[in-house]
Amino acid sequence: MADTGLEQEQLVATSSSSAVDIRQLLKILHRRRFLIAGISCLVMSAAGVLALLAKPNYQSSMQMLVSSNIYESTRSRNSPGDGDSDFTDANLEVVDYTAQLQLMLSNQLIEKAVAKLRSEYPQMKVEDIKGEKNKKGKKPPLSVARVESGSGINRIPSQVFEITYKDKNPIKTQQVLEALQQVYQDYNIEQQKTRLSRGMAFVNERLPKVKSEVTQAERNLELFRNRHKILDPEAQSKILLASLADTQKQLQTTQAQLQDSQARYTAIQQKLAASPRSALVSSRLSQSTRYQTLLNEIQKTELAISQERIRYTDNSPAVQKLLEQRQSQLSLLRQEVGRSLSDQVGKSTSPPNNSAVDSTIEKILNQSLNQPVNQPANNNEPLLGKGQLAGVDLKLVEEMIQVQTTALGLIANQQSLTESEKRLRTELSRYPSLIAEYNRLLPEVQTSRKTLEQLMQAQQSLGLKIAQGGFDWQIIEAPEKGTYIGSGRMMLLGGGLLLGPILGIIIALILELLNDKLYVPYELQRITNLRLLGIVPKLLPPKKPKRPIPVFKNTNKSRTQNTRTLVIDSPVTMASLPSHETIDMAYQNIQILNSPLPYKSLMVTSAQVGEGKSTVALGLAVSAARMHHRVLIIDANLRNPSLHEQLDLSNDWGLSLLLVDEANPPYQEYIQPVHPAIDVLTAGPFPEDAVQLLSSRQMRELLEYFEQIYDLVLVDTSPILGTVDARILATLCDAIVLVARMGQVTRTEVVEAKEILEKLNLVGIIANQPKKIA
C-alpha cells in the first residue's frame, strides 16, 4: 500500500499518452522553429525567383476519334444469347486504347513529326515535343488523354482522344499538332492490314494445334472407356450403391429371422428336457384359467419385444417399457405357479425345502414359456391343453426339426448376402479413382471442342474484317493557334508558400529522429522502464552566504597531522540553497517506495558529466531538511568534485583524507555544516588511488556510522559511465537515483547506465530539464 501515490501518478501519465505525444510533437517543432523558418524562407525565395523568370505558356489541342470496323461488325453479328461469343468479343477488339495512347506518344511517330517540322524549326528535337525522361516531376509539353462521356458516377471513357501541346510560341503549338495529325493518319493506313494479317496468322497457326488437342482428348476418353468397360463411372457407382443398400437391408432381415429361429430351437430343446414333475404341474396349470390368461399375455408381450428389437436397440424407450411389462407379468405368473406347486406339495407326505420349490417353479415357468426367463419368448409355440401330455414329445421333435431346417436355410441365405455385400464393396472401391480420371478427361474434351469452335468463328470474322478495311482514325476537331494558359507564377508562389513549412517540418523531424539525445521526460521513462520520480527544472546555484558561522577547517594538509582550527565562514540559508516543489515531490516519491522504513543512504549519480546530479543532490537535501530530517551530503566524486565550489566550502580536507587517516579522529572534524539540518563532507584532495579508497573497509564502516547518526546520507558520486567509482559505491548504498539532463543525455547512455544499475537497488530516475525556474 506504500506505493499508492507513485502508482497513481504513473497511471495518470499513462492514461494521457496520446495528449503527451501531441505535446511532444509541438515541443519538437518549437525547438526546431528556427530551422523550419529558415528552410521555409529559402524555399519561398527560390519560388519567387522562379516566378519572376517564368514565361507565358500557350496551348493548342485537337480531338481524334479512334474506331474499329472489325469490332463493330463482329459485335453486330453476335446474337445476344450466343454463349460462345466471349472469345470473339474479348480477343478481336483491335483497338486497344491503352496501346493506342502509347503509340501516339511513341518516339517513332514523334520523330516523323519532327522531320516534317525541321524546315521551320531546324533545332527541334523529339524531347522538345515529348519532354525529357529525367524530369519526372515536370509535365511534358505533349499529352494524350481519352475524353470521358456522361456525368457523375456514370462517366466512362469514350473513343475520342484529345491531344494537347504547350509551348511559349502559340503558332508553334498549332504547327506541331498539324504535323502529328498527318503522321497519325499516315501511320494508321500503313498499319491497318499489317495488324489484321497478324491476327489472321495467329488464328491459322493456332487452329491445327487445337484440332490435334481435340483429337487426342477424344482418343484418351475412348481408351479409358474401352479399358475399364464402362461408359460413365459416376452413374455406374450410383447403381452399385443402390444394390449395396438393398443387399444390406436383406441381410439385416435374414439375421433377425435367424435369431428368431435359433431362439425357438433352444426353447424346444428345453421343453424336451423337462421333468415328469414339471409336466404334471403343467397339466395342473393348464386347467387354471388365470394361468392360461397370464401366459397368453406374456407371449404377446414377447412377440412385441421381438418386433421392436428388429427396429430399435434395447436402450430405446419402447423396448424398455415392454421389458418392464414382461417382468411384471412374469412376477404374477410365478405367483400362480407357486400357488399350484404349493397345493401339489401339500398333498405329499414330506414337503420339499424352499430351494427345491423355487427350482421346480423355475422349471415349470421355463416349460410353460418354452424359454429361459432371460430370453425372448416364442409366440408360435402352442400352449399345453387338457389331455395333451401324452403326445407332447413327438410334436416338439417335429417342430424342432422344422425350425432347424428353417435356420439352415437362413444361414445359407446370410452367407450368400454377406458375399454379395463384400463383392459390391470391393467393386465400389475402384470407382473413386475411375471417377477422378473420368472427370479429368471429360473437361479436356469439352474445353478443346469449345476452343476449336471459337477459333473457327474468329477465322471467319477476321477474314471478313480484312475485306472491310480495318479501323479508322478520324479528326473531329482540328488544331488551332495556341491560347494563353498562364505563366505558372501564382502556382510557383503558392507551392513555395505551402512546400516551405512542410519541407522544414519534415527536415526537423528527420533530424530529431537521427538525434539520439532525449528531450522529453516521458520518453526517458519509456526506454528505461524506470519510475519517473520527478521532472526538475534547471535549479539556480546556491547564493553566496551573507553572515558568518563558525566551522572547523583543516589548516594542515598532511595526512599524518590532523591539526584543525576554527574559522569563520559564511552561513547558507534555506532560501539560498537550490530547491523547488518538484524536488520535494521527487524526494517524497523516493521515501514512499520504501515506506514505512525510509532509505538511510541514497546515491545520486548520472550517466555522464554535467547532468546536474550535484545540484539535484543539494535539492534533495533541502527537501529532506524541510521534512525535519538531518541530512549529510557526501561528495564521493573524488576525481572531479564540484560540491565545495557550489557551496563555497573548503576542499582542503574531506572524504579522501578521512579514508586514509589512520589516527581515527572524530568524523565530525571533517564535516562542514551549511545549514542547521544539512552537513557536507567534501571530496578532499585528489587521491592517488580513488578505487582503492572507495572499495576499502573504512568506506563501508564510515557509511554505516553516518547512517546511524543522520536521518539521510546523500552520496554524490561520479558518473556511472567511464569510471568504476560509482559502481563501487552503488553496492554500499540503500538506494540509487539516476539523474538525466534533457537535451544532453542520449538514449544509448541512459540505457547503458540502467543496465549497469538495474541489478542493484535503482529506485528511479529524475529528469533534469534545461529550464530556469521562476
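Is glutamate 421 buried or exposed? Glutamate 421 is buried, with a relative accessible area of 16%; buried stands for under 20% relative accessible area, exposed for over 50%, and partly exposed for what lies in between (1.4 Å probe, protein chains only).

This is a predicted model, in which local features need pLDDT of at least 70 and side-chain atom pairs count only at pLDDT 80 or more, while totals for chains, interfaces and linings use all residues. Residues are numbered from 1 along each chain as its sequence is written, and side-chain values use heavy atoms, with hydrogens and water left out.

**Overall**

The protein has 774 residues, of which 41% are buried. Its secondary structure comprises 26 helices and 15 strands, taken as DSSP runs (helices H or I, at least four residues; strands E, at least two) and numbered from the N terminus. Of the contacts (heavy atoms within 4.5 Å) between residues at least 6 apart in sequence, 80% join residues at least 24 apart.

**Salt bridges**

A salt bridge is a side-chain nitrogen of Lys or Arg within 4 Å of a carboxyl oxygen of Asp or Glu. By this rule there are 11 salt bridges. Three of them are listed below.

| Pair | N to O distance |
|---|---|
| Arginine 425 and glutamate 421 | 3.2 Å |
| Arginine 747 and glutamate 523 | 3.8 Å |
| Lysine 754 and glutamate 758 | 3.3 Å |

Arginine 425 and glutamate 421 are four residues apart in helix H15 (residues 392-429), so about one helical turn separates them.

Arginine 747 is partly exposed, at 27% relative accessible area, and glutamate 523 is buried, at 15%. Salt bridges with shared partners join Glu523, Arg526 and Arg747 into one network.

In the pair with lysine 754, glutamate 758 is partly exposed at 41% relative accessibility.

**Helix H19**

Helix H19 (residues 581-593) has 13 residues and should span 18 Å at 1.5 Å a residue; its end C-alpha atoms are 19 Å apart, which agrees. The expected span is 1.5 Å times one less than the number of residues. H19 is mostly covered, with 10 of its 13 residues buried. Among the buried ones are Ile583, Tyr587, Asn589 and Leu593.

**Loops**

Valine 609 sits in the loop between strand S9 (601-606) and helix H20 (613-626) and is exposed, with a relative accessible area of 52%. Leaving aside residues up to four places away in sequence, valine 609 touches Asn640, Pro719 and Gln744. Valine 745 is 136 residues from valine 609 in sequence, with 9.5 Å between their C-alpha atoms.

Most residues other than glycine have a negative phi. Asparagine 529, which is not a glycine, has a positive phi of about 60 degrees. Asparagine 529 lies in the loop between H18 and strand S6 (532-538) and is exposed at 68% relative accessible area. Histidine 628, likewise not a glycine, has a positive phi of about 65 degrees. The loop that holds histidine 628 runs between H20 and strand S10 (631-635), and histidine 628 is exposed at 73% relative accessible area.
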